[in-house]
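Subject: Structure handover

Hello,

Please find the structure below. My notes on it follow.

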Amino acid sequence: MTDVCVRLAQAADRPLVERLWLMFRHDMSEFDARLPHPDGTFRAERLHAAFDDADRVPYLLMSGEQPAGFAFVRGLAGPARVMGSFFVVRGARRTGLGLRAAREVVARHPGPWRIAFQDTNAAAVRFWHLVATECAGDAWTEERLPVPDRPELPPDVWISFDTTRNAEGGGRS
């Protein structure tokens, strides 16, 4: 089992997270059909907001001394936290690192959560269902909502759960 350290990303970590962001956006381009800009970069509004917006927080996922991914959380002051972006490098996938990291990030922000992913990303479907079940038992729900400003894409899947509620009495839908 791979060890994972989840820590707040600092300003000094930004260049590292920017490089990881390129890998993340490359992976996501399979599902959202976005091509890189002419200079080889991808849009990075969420990356910049994770570091610059007081209502967001960036986490760096480490395996020992090596970077293994990141997690961006938004909605810190709102009614629900949102996993804005979550990425584990391919070499660390299917090792349990991502699940442990996701659980730790969620545990740092108790309360209601919302997490979006694409139905066409079968690995994400399995992963986020497992995360929701580990964090909230059967007390999570799932809904499909249109992708803002992207009517050509299938709807996003949104999982919702609350880490402060008793897992009994809830259910999946």
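Strand β2 (residues 56–63) is largely enclosed by the rest of the structure, because six of its eight residues are buried. Buried means under 20% relative accessible area, exposed over 50%, and partly exposed in between, with a 1.4 Å probe and protein chains only. Strands are DSSP runs of E with at least two residues, helices are runs of H or I with at least four, and both are numbered from the N terminus.

This is a predicted model, in which local features need pLDDT of at least 70 and side-chain atom pairs count only at pLDDT 80 or more, while totals for chains, interfaces and linings use all residues. Residues are numbered from 1 along each chain as its sequence is written, and side-chain values use heavy atoms, with hydrogens and water left out.

β2 pairs with two strands. Pairing requires that DSSP finds at least two bridges between the strands. With strand β1 (residues 5–8), β2 pairs in the antiparallel sense over four bridges. With strand β3 (residues 66–74), β2 also runs antiparallel, and eight bridges join them. Leucine 61 of β2 is the bridge partner of valine 6, and leucine 61 also stands opposite glycine 69 in β3. Two residues separate β2 from β3 in a hairpin, where glycine 64 in the turn has a positive phi of about 65°.

Histidine 109 is in the loop between α3 and β5. Why is histidine 109 counted as buried? Its relative accessibility is 14%, so histidine 109 falls in that class. Leaving aside neighbours within four places in sequence, histidine 109 is in contact (heavy atoms within 4.5 Å) with Val57, Tyr59, Val73, Leu76 and Arg81.

Serine 160 sits in strand β7 (residues 156–162). Serine 160 counts as buried because its relative accessibility is 17%. Not counting residues up to four places away in sequence, serine 160 touches Trp113, Arg114, Ala139, Trp140 and Thr141. The side chains of serine 160 and arginine 114 are joined by a polar contact of 3.0 Å. A polar contact is a pair of N or O atoms within 3.5 Å; within protein, one must be able to donate a hydrogen and the other to accept it, and residues adjacent in sequence count only if both atoms are side-chain atoms.

Regards
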